[in-house]
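Please open the model in your viewer and keep the selection panel at hand. The stops below are arranged so that each selection leads on to the next.

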Amino acid sequence: MADAAVDGARRVLVAADKFKGSLTAVEVAERVTAGLRRVVPDVRVEALPVADGGDGTVAAAVAAGFERREVRVAGPLGDEVTAAYALRGETAVVEMAEASGLQRLPEGVLAPLTSSTYGSGELLRAALDAGARTIVFGVGGSATTDGGAGMLAALGARFLDAHGEPVAPGGGGLAHLATADLSGLDPRLSDVELVLASDVDNPLTGPKGAPAVYGPQKGASPDDVTALDAALAHFAKVLEGTEGVGARAADHAASPGAGAAGGIGFGAMLLGARFRPGIAVMLDVLGFKPALDRADLVITGEGSLDEQTLHGKAPAGVAAAARAAGKEVVAVCGRLALPAEVLGRAGIRRAYPLTDVEPDVAKCIADAGPILERVAESIAGDFLA
């Protein structure tokens, strides 16, 4: 571990993601802090809730000092919802799940063929209206598989069928697309740096594309997956013949990240977005490096530490950056599904799951806060006392 602070107190950075379904990232930091201070009252704790571009990204930005802005936009089925984005100076953080996420669907309702990203486009437009010149567009947790067509329509694009009428919302409607017109896109987009923040590197279509890999978790049947894959392939083909797009459409469709959030990555690339791993973008935006420089010990984590964690999730990104800076890292989690040697290769010295304190998973979910405080007491005893 690095040398202690000059005043003798250890400095701990808590940079954890949410425990989905139990605790927000902010609440995780609060509970860990409480547990640490119960054992080591003079410990210096800095909280920097993190996210990887999916749901919780705006909340992490707000916790880091961004201003929360709310706007009424279309939900995935067209009903109006209140969605938030974050703004600091000329930088905005927009989370597509705020407008087009699964949590925006009525309870028990899934609409894989008809859900639209139109509201995500309205969120981007609101950020433009607020004067943003850099927009971090976090994508993940979507209810949609429309290739970003709804988002593009909200920003001024037109997608018409053979009768000159707008195609129906959602990926299913793209099967009837005859012509696309992107000439009406908001001109301000050409002066904005748009960063596509995602931990997904899938292409738009095919066996590893958005419909095949992520469609089933949005309620798509095997027939729906086939229909959506064909519709998105047709969407890209029509765009190849569209003025101002051309061959770029095929290149974008095959690019890593095009299949993110039901293909909204593809739509964002048509707007000139630059794809970057979500956690890397967010660590930059949130000011992680200076906070890391001040820390002796880093505590990261998320609800489940498993194989997915290693592929661009927040704890892996935090651990990699901390290891590069020579800082020791431990992790908290609800459930641990990685062996110690794998954690070590990821830069995590040790993981502390809630199930070590309470083996009953249902109780861990219901009482995650108090149990996490007890876990933090163990960390304090092992690393700080």
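Begin by selecting helix 7 (residues 222–240) together with helix 9, which pack at an angle of about 10° with their axes 12 Å apart; helices here are DSSP runs of H or I with at least four residues, strands are runs of E with at least two, and both are numbered from the N terminus. The axes are lines fitted to C-alpha atoms, for helices over the stretch in contact, and angles run from 0 to 180 degrees between N-to-C directions. Helix 7 and helix 9 are therefore roughly parallel to each other, a term used for angles under 35 degrees. Show side chains for Leu232, Phe235, Ala236 and Leu239 of helix 7 and for Gly262, Phe266 and Leu270 of helix 9, which make the contact, where contact means heavy atoms within 4.5 Å. These residues divide into 6 nonpolar, 1 polar and no charged, with Ala, Val, Leu, Ile, Met, Phe, Trp, Tyr, Cys and Pro counted as nonpolar, Asp, Glu, Lys and Arg as charged, and the others, Gly among them, as polar.

Before going further, note that this is a predicted model, in which local features need pLDDT of at least 70 and side-chain atom pairs count only at pLDDT 80 or more, while totals for chains, interfaces and linings use all residues. Residues are numbered from 1 along each chain as its sequence is written, and side-chain values use heavy atoms, with hydrogens and water left out.

Buried means under 20% relative accessible area, exposed over 50%, and partly exposed in between, with a 1.4 Å probe and protein chains only.

Helix 9 lies across strand 6, strand 9 and strand 10, running at about 160° to strand 9. The open sheet has 6 strands in the order 3-4-5-6-9-10, with mixed pairing, and two strands pair if DSSP finds at least two bridges between them. Strand 3 (67–74) and strand 10 (274–277) stand at the edges with a single partner strand each, so one side of each is left without a neighbour in the sheet. Within the sheet, strand 4 (residues 80–88) and strand 5 (residues 91–95) pair in the antiparallel sense over 4 bridges, and tyrosine 85 stands opposite valine 94 in strand 5.

From here, select threonine 145, in the loop between strand 6 (134–138) and helix 5 (149–154). Is threonine 145 buried or exposed? At 0% relative accessibility, threonine 145 counts as buried. Leaving aside neighbours within four places in sequence, its contacts include Leu232 and Gly262, residues that also take part in the contact of helix 7 with helix 9.

Finish with the charged pairs, where a salt bridge is a side-chain nitrogen of Lys or Arg within 4 Å of a carboxyl oxygen of Asp or Glu; the count comes to 21 salt bridges. Select glutamate 46 and arginine 294, whose closest N and O atoms are 2.6 Å apart. Glutamate 46 lies in strand 2 (residues 44–47) and arginine 294 in the loop between helix 11 (288–293) and strand 11 (297–305), so the pair ties together parts that are 248 residues apart in sequence.

Technical notes. Parallel < 35°, antiparallel > 145°, perpendicular 65-115°, else oblique.
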